[in-house]
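Dear colleague,

I am passing on to you the structure we spoke about, and below it I have set out what was found. Please read the notes with the structure open beside them.

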Amino acid sequence: MKWTASKLKALKGETKISMVTAYDALTAALIDDAGIPAILVGDSLGMTVLGYETTLPVSMNEMVHHTAAVSRGTQNALVIADMPFMSYQPSVEMALENAGRFLKEAHADAVKIEGGAIRAELIESLVANGIPVLGHIGLTPQSIKEMGGYRVQGKTSEQARQLMDDAMAIEQAGAFALVLECVPAELGEMISKALTIPTIGIGAGGGCDGQVLVFTDLLGISGKPVPKFVKHYAHLHGQIIEALNGYKSEVESGTFPADENTY
Ligand code: KIV
């Protein structure tokens with residue numbers, strides 16, 4: 001069954017939603033085969049696979065290229081493309097054009113946009129033009145320079161109220177779901193209970209309607225330190241290095257290729 005934004009939205013209160021990031025067709029096919037209903041082509045690809053320090057340098061062309069690969073590898077999951085920094089902030093017109101590219105050129109099913117009430121008008125326009133939108137509030141990595149670091153958001157009652165207002169504005173504007181990143185679990189649960197659309201948490205506690213994790217974090221591929229909210233479901237870094245070392249030493253000793261690998 002092909003997932004759509006409205007089918008995902010209808011899971012609220014029925015089943016918790018799992019979402020994983022992917023950046024290429026190989027990874028997308030694995031996630032799809034596992035029956036995960038939603039794939040996010042996050043601009044986290046800047047750090048996870050492109051070697052940038054932040055998400056800020058990621059361009060539209062890079063995102064379209066990777067989203068198209070993910071779409072080619074996906075049969076059933078909903079493919080959500082993350083709109084990169086400055087692809088939607090300057091104007092509604094620019095946002096419509098760029099979001100349109102994700103659907104037309106990269107065959108995405110939806111787009112994700114960072115920001116609260118300030119994005120309400122933009123979300124309304126995208127949805128009115130047939131583009132499903134996933135909101136994203138709390139820690140929004142595209143605002144890292146303004147936020148001053150990757151920190152938990154909404155810790156004071158004033159910030160928490162602001163995030164609740166933002167969440168309501170995004171729901172009212174027509175988003176089909178909302179990512180809540182790095183907020184206290186209590187606030188994650190309060191926002192989830194107040195909304196009729198599903199919340200997808202990352203570092204926002206178990207009270208959210210779903211969870212999203214970065215593929216390389218989930219599988220322990222990078223071998224680098226990860227935030228507290230990450231759980232490694234495998235430790236592939238060590239296994240990959242071991243496999244590569246095994247290959248190198250067999251090449252050096254001449255045991256690879258063996259007779260069975262030879263024509
Ligand atoms: O870019 C990304 O991968 C994200 C998720 C972590 C929510 O925005």
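Which backbone oxygen lies 2.8 Å from a polar atom of the side chain of histidine 66? It is that of tyrosine 23, and please bear in mind for this and everything that follows that the model is a predicted one.

Histidine 66 itself is found in helix 4, which runs over residues 60-73, and it counts as buried because its relative accessibility is 15%, below the 20% under which a residue is called buried.

As for the whole protein, its secondary structure comes to 11 helices and 8 strands, and it is divided into domain 1, covering 5-232, and domain 2, covering 236-263. The centres of domain 1 and domain 2, taken over C-alpha atoms, are separated by 39 Å. The C-alpha trace spans about 65 × 40 × 40 Å along its principal axes, while the radius of gyration is 20 Å, which agrees with the value near 18 Å that a compact globule of 263 residues would have.

Of the 263 residues, 49% count as buried, and the protein exposes about 13,200 Å², of which carbon and sulfur atoms supply 55%. Among the contacts between residues at least 6 apart in sequence, 57% join residues that are at least 24 apart.

Leaving aside neighbours within four places in sequence, glycine 116 is in contact with Ile137, Asp166 and Ile170, whereas the C-alpha atoms of glycine 116 and isoleucine 131, which are 15 residues apart along the chain, are separated by 18 Å.

Finally, the structure holds 1 aromatic pair. Tyrosine 247 and phenylalanine 256 form this pair, which is edge-to-face, with 6.0 Å from centre to centre and 65° between the planes. Phenylalanine 256 is partly exposed, since its relative accessible area is 35%, a value between the 20% and 50% limits.

Conventions: Residues numbered from 1 in each chain as written. Predicted model: local features only at pLDDT ≥ 70, side-chain atom pairs only at ≥ 80, totals over all residues. Heavy atoms only, no water. Helix = DSSP H or I, 4+ residues; strand = E, 2+ residues; numbered from the N terminus. Buried < 20%, exposed > 50% of the residue type's maximum accessible area, 1.4 Å probe, protein only. Polar contact = N/O pair within 3.5 Å; in protein donor to acceptor, adjacent residues only side chain to side chain. Domains from an automatic or database assignment. Rg over C-alpha atoms; globule rule 2.2 N^0.38 Å. Contact = heavy atoms within 4.5 Å. Areas by Shrake-Rupley, 256 points an atom, 1.4 Å probe, with all protein chains shown as cover. Phe/Tyr/Trp six-rings, centres within 6.5 Å; stacked < 30°, edge-to-face > 60°.
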